[in-house]
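Subject: Structure for you to look at

Dear colleague,

I am handing over the structure we spoke about, and my notes on it follow below. Please read them with the model open beside you.

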Amino acid sequence: MSIPLFSGAASSSDIKAAKQAYYQGSYRVALRKFESLAGYGHPEAQIYLGHIYRKGEGVDVDNDKAFKWYELAAEQGNAEAQYFLGAMYEVGKGVEVNHVMAVMWMTVAEIGGYPAQPALNVKKTQMSSQLYGIGQLAAVSCQKRNFKNCDGIGWIGLLIGVGVL
């Protein structure tokens, strides 16, 4: 499914109303509003949908849907979504565990202004320096690709294919 990039078709009052419903605990109302906005490619709405499905707020927990919404927002350069995408790779929710991809997305998020360094510091102690470095290099490649198809970076796929990752 192709979601268009946010075109501005939704007003700031639309996202404000959706967030208000969310923070008031009216998750079903918020879900409908966020889905409408996300259909226009609104990255903030996509992040909230990721949170709703990851936490099971008004819906059953669905990590596959959460991953999808975070990924759509991350591909638009949203640092918060990039962090949560990395966190999902770290624990294997909605995707297979992949620590290199976790480091890649968290590094991209940190560069983009999201405070991911504490999580990266933990990852650094849990991984070999080589694999951590691969994640850091992948972040550079991902940025050069404007955050598109970062899970398809050729040499990461090769390393996974031969069992290194």
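Before the helix packing comes up, one definition is needed: an axis here is a line fitted to C-alpha atoms, for a helix over the stretch in contact, and an angle runs from 0 to 180 degrees between N-to-C directions. Please also keep in mind that this is a predicted model.

In those terms, α2 and α3 pack with their axes 8 Å apart and at an angle of about 135°. Since an angle over 145 degrees would be needed for roughly antiparallel, α2 is therefore oblique to α3. The crossing in which α2 passes α3 is left-handed. On the α2 side the contact involves L31, F34, E35, L37 and A38, and these meet A45, Q46, Y48, L49, I52 and Y53 of α3. By class, the residues of this contact of α2 with α3 comprise 9 nonpolar, 1 polar and 1 charged.

The other packing I looked at is that of α1 with α2, where the angle is about 155° and the axes are 7 Å apart, which makes α1 roughly antiparallel to α2. The crossing of α1 and α2 is left-handed. From α1 the contact draws on D14, I15, A17, A18, K19, A21 and Y22, and from α2 on Y27, V29, A30, K33, F34 and L37. The residues of the contact of α1 with α2 fall into 10 nonpolar, no polar and 3 charged.

The structure holds 10 aromatic pairs. One of them is formed by Y22 and F34, an edge-to-face pair with 6.3 Å from centre to centre and 65° between the planes. This pair links distant parts of the chain, with Y22 in helix α1 (residues 12-23) and F34 in helix α2 (residues 27-39), 12 residues apart. Both Y22 and F34 are buried.

On its other partner, F34 has its ring centre 4.8 Å from that of Y48, and the two planes lie at 10°, so this pair is stacked. Because F34 belongs to helix α2 and Y48 to helix α3 (residues 43-55), the pair ties together parts that are 14 residues apart in sequence. F34 counts as buried because its relative accessibility is 0%, and Y48 counts as buried because its value is 9%, the cut-off being under 20%. Ring pairs join Y22, Y23, Y27, F34 and Y48 into a cluster.

A residue of another kind in helix α2 is S36, which is partly exposed, with a relative accessible area of 44%. Its C-alpha atom is separated by 9.8 Å from that of A18, although S36 and A18 are 18 residues apart along the chain.

As for the chain as a whole, there are 9 helices and 0 strands, and the pattern read along the sequence is α-α-α-α-α-α-α-α-α. Of its 165 residues, 42% count as buried. Where contacts join residues at least 6 apart in sequence, 52% of them are between residues at least 24 apart.

Conventions. Residues numbered from 1 in each chain as written. Predicted model: local features only at pLDDT ≥ 70, side-chain atom pairs only at ≥ 80, totals over all residues. Heavy atoms only, no water. Phe/Tyr/Trp six-rings, centres within 6.5 Å; stacked < 30°, edge-to-face > 60°. Helix = DSSP H or I, 4+ residues; strand = E, 2+ residues; numbered from the N terminus. Buried < 20%, exposed > 50% of the residue type's maximum accessible area, 1.4 Å probe, protein only. Parallel < 35°, antiparallel > 145°, perpendicular 65-115°, else oblique. Left-handed = near helix turned anticlockwise from the far one by under 90°. Contact = heavy atoms within 4.5 Å. Nonpolar A, V, L, I, M, F, W, Y, C, P; charged D, E, K, R; others polar.
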